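Please keep the sequence and the structure in view while reading.

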Amino acid sequence: MIRRFRQAYGRLRLGTRLALGLGVLALLVFGVVGTALTTYMRDYLSAQLNEQLQIAQVAQSKGIQDNGSLAGKKYYRWYYAVYDVKDGVPELRTPEDPTDLPKDVDDFTAVAKEQTTASTEVLSTEHLEGAGDYRLRACEVEPGVVLVSAAPMDGIEDTVEQLITIQVVVFGLALLALVLFGRKVLRNGLKPLSDMAHTAHGISSHNLTDPEARLPLRADGRDGGPEVEELRTAFNTMLEHIDDSLAVRAEAEQRLRRFVADASHELRTPLMSVRGYADLFQYAAANAPEERDKHLARLRAEAARMGVLLDDLLLLARLDAAEVETPLRPKDTDLVGLVHEAADAFRAAHPDRPLMLTDRPEGLTLRLDPHRIRQVLDNLLTNAAVHTPPGTPVTVAVTAAAGRAVVRVTDAGPGIPPADREKVFDRFYRIDKARSRDRGGSGLGLAVAHSLVRAHGGTVEVSSEPGRTVFTVALPLGRGGAVARNGEP
């Protein structure tokens with residue numbers, strides 16, 4: 001039975017359960033208040049009756065002393081008994097009126113006997129046969145004479161019963177109103193929670209497996225109080241997080257598909273070339289020494305191109321998993337020296353490109369991987385050579401300020417269109433959509449540079465306008481280990 005009740009109670013809505021709980025609590029409060037009020041009223045009326053008996057007996061005792069009778073001192077439905085005490089034994093006097101005594105006077109005699117040995121008046125509540133409950137009071141009128149008076153208590157009981165009836169009716173109506181209106185108030189107060197539940201059900205109906213899936217639903221409203229508002233804010237923040245995660249996932253999947261397609265495209269051409277040159281060896285003409293050497297040279301060139309591409313892809317993969325396996329081998333290195341080496345290599349490879357090197361510090365020692373930072377510098381310089389006309393000047397500047405070493409590679413080329421500036425560091429992205437390999441390479445150079453700089457805790461940015469493009473590499477000076485030789489921090 002109790003189990004069924006618990007199951008039925010558990011199936012109720014939260015507002016109903018709260019209203020019922022509030023009703024039970026109110027019932028307990030009403031019970032305590034009603035009991036305390038009833039007890040207080042009964043004690044108060046009893047004290048009033050005791051006081052009335054005392055006042056009446058004072059007048060009656062005086063009448064007995066003066067006149068020897070109770071004439072004119074009687075009350076309606078009261079009983080009176082006068083006892084003469086001899087040797088400690090009370091003897092009942094003949095009543096003045098037969099109605100002054102009940103049918104059974106044993107209780108009166110017992111109270112009178114008790115009074116003979118008591119130092120104060122004796123009070124007792126007894127049930128008199130055929131009369132009901134009475135309050136008995138005994139007092140000594142004079143030595144050897146005891147008066148016992150009895151007052152009916154049905155007035156007290158009637159008053160208490162009426163009070164209990166009024167309490168039951170009033171508390172019952174108050175409890176009913178509290179449950180009904182409380183349930184309505186609670187339902188209105190919990191409506192924002194129901195709205196959030198409805199929003200959650202709406203989310204569950206969305207197909208989140210779709211790469212383009214989004215969560216446009218949000219919990220609206222401003223009612224419910226600060227607690228509900230806090231919950232609503234947390235709920236909407238969670239939805240925003242899920243929506244952002246879905247967007248990141250969709251973008252990652254799109255980038256992965258694009259990456260696979262671009263990688264396949266980049267590898268397909270050299271592989272086709274290798275296969276084509278290999279097929280040429282099936283013909284006798286290809287066995288001529290000069291033809292064989294020419295085809296072998298092309299095979300080696302295509303294989304080298306694939307090797308460079310695969311090395312870049314492997315490096316990017318290792319940088320993406322840097323928390324598992326870092327490809328960096330940092331050591332104390334002079335950044336200015338690395339810049340000079342990269343500049344010398346650039347001049348040798350591109351003699352038609354004037355390069356000017358401006359560096360303020362004589363030396364700048366940082367904790368970095370010299371091979372990878374040199375790769376970053378080479379990629380930036382090569383990018384400047386590839387995407388500018390012959391004879392375009394290139395400038396490399398090295399500075400140190402605000403706890404960072406900064407290298408700026410500037411060219412005076414045509415610049416980068418605004419739509420392409422945010423994508424130049426994407427993998428396989430080319431401004432030249434024709435994908436010409438003699439102008440643009442594989443599209444991984446800037447992506448590799450960006451990932452390597454970020455792995456060192458630095459940043460690489462680009463700013464461009466017609467006639468000026470600047471790539472800025474900023475590397476942290478480290479934990480006090482990087483100092484400029486000429487004293488500059």
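## Basis and overall make-up

The model is predicted: local features need pLDDT of at least 70, side-chain atom pairs count only at pLDDT 80 or more, and totals for chains, interfaces and linings use all residues. Residues are numbered from 1 along each chain as its sequence is written, and side-chain values use heavy atoms, with hydrogens and water left out.

The protein chain has 10 helices and 12 strands. Helices (H or I, at least four residues) and strands (E, at least two) are DSSP runs, numbered from the N terminus. Of the 489 residues of the chain, 35% count as buried. Here buried means under 20% relative accessible area, exposed means over 50%, and partly exposed lies in between (1.4 Å probe, protein chains only). Among contacts between residues at least 6 apart in sequence, 64% join residues at least 24 apart; a contact means heavy atoms within 4.5 Å.

## An antiparallel sheet and the helix across it

An open sheet is formed by 5 strands in the order 2-1-5-4-3, with antiparallel pairing. Its edge strands, each pairing on one side only, are strand 2 (89–92) and strand 3 (122–128). On average, neighbouring strands of this sheet are turned by 30 degrees against each other, direction ignored. Two strands pair if DSSP finds at least two bridges between them.

Strand 1 (residues 79–86) and strand 5 (residues 145–152) are antiparallel partners over 6 bridges. Ala-81 stands opposite Val-148 in strand 5. Helix 3 (residues 106–117) lies across strand 1, strand 2, strand 3, strand 4 (132–142) and strand 5, and runs at about 170 degrees to strand 3. For such angles, axes are lines fitted to C-alpha atoms, for helices over the stretch in contact, and the values run from 0 to 180 degrees between N-to-C directions.

## Salt bridges

Side chains of opposite charge can pair when their charged atoms come close. The structure holds 8 salt bridges, each being a side-chain nitrogen of Lys or Arg within 4 Å of a carboxyl oxygen of Asp or Glu.

| Pair | N to O distance |
|---|---|
| Glu-157 and Arg-42 | 4.0 Å |
| Arg-137 and Glu-121 | 3.8 Å |
| Arg-347 and Asp-344 | 3.3 Å |

Glu-157 forms its salt bridge with Arg-42. Because Glu-157 lies in helix 4 (residues 154–204) and Arg-42 in helix 2 (residues 14–67), the pair ties together parts that are 115 residues apart in sequence. Glu-157 is partly exposed at 28% relative accessibility, and Arg-42 is partly exposed at 31%.

The side chain of Arg-137 meets that of Glu-121 in another salt bridge. Arg-137 belongs to strand 4 and Glu-121 to the loop between helix 3 and strand 3, so this pair joins parts that are 16 residues apart in sequence. With 8% relative accessibility, Arg-137 counts as buried, whereas Glu-121, at 44%, counts as partly exposed.

Arg-347 and Asp-344 both lie in helix 7, 3 residues apart, about one turn of the helix. Arg-347 has a relative accessible area of 35% and is partly exposed; Asp-344 is partly exposed at 47%.

## Two buried charged residues

Where does Arg-353 lie? Arg-353 sits in the loop between helix 7 (335–349) and strand 7 (355–359). Arg-353 is buried yet has no salt bridge, and the nearest side chain of opposite charge, Asp-352, is 4.1 Å away. Lys and Arg count as positive and Asp and Glu as negative, while His and the chain ends are not counted.

The side chain of Arg-353 reaches two backbone oxygens: that of Ala-385 at 2.8 Å and that of Pro-389 at 2.7 Å. Not counting residues up to four places away in sequence, Arg-353 touches several residues, including Phe-346, Thr-388, Pro-390 and Thr-392.

Asp-312 is placed in helix 6 (residues 289–320) and counts as buried at 13% relative accessibility. Leaving aside its neighbours within four places in sequence, Asp-312 is in contact with Gln-375, Leu-444 and Val-448. Asp-312 and Leu-444 are 132 residues apart along the chain, and their C-alpha atoms are separated by 7.0 Å.

Key. A polar contact is a pair of N or O atoms within 3.5 Å; within protein, one must be able to donate a hydrogen and the other to accept it, and residues adjacent in sequence count only if both atoms are side-chain atoms.
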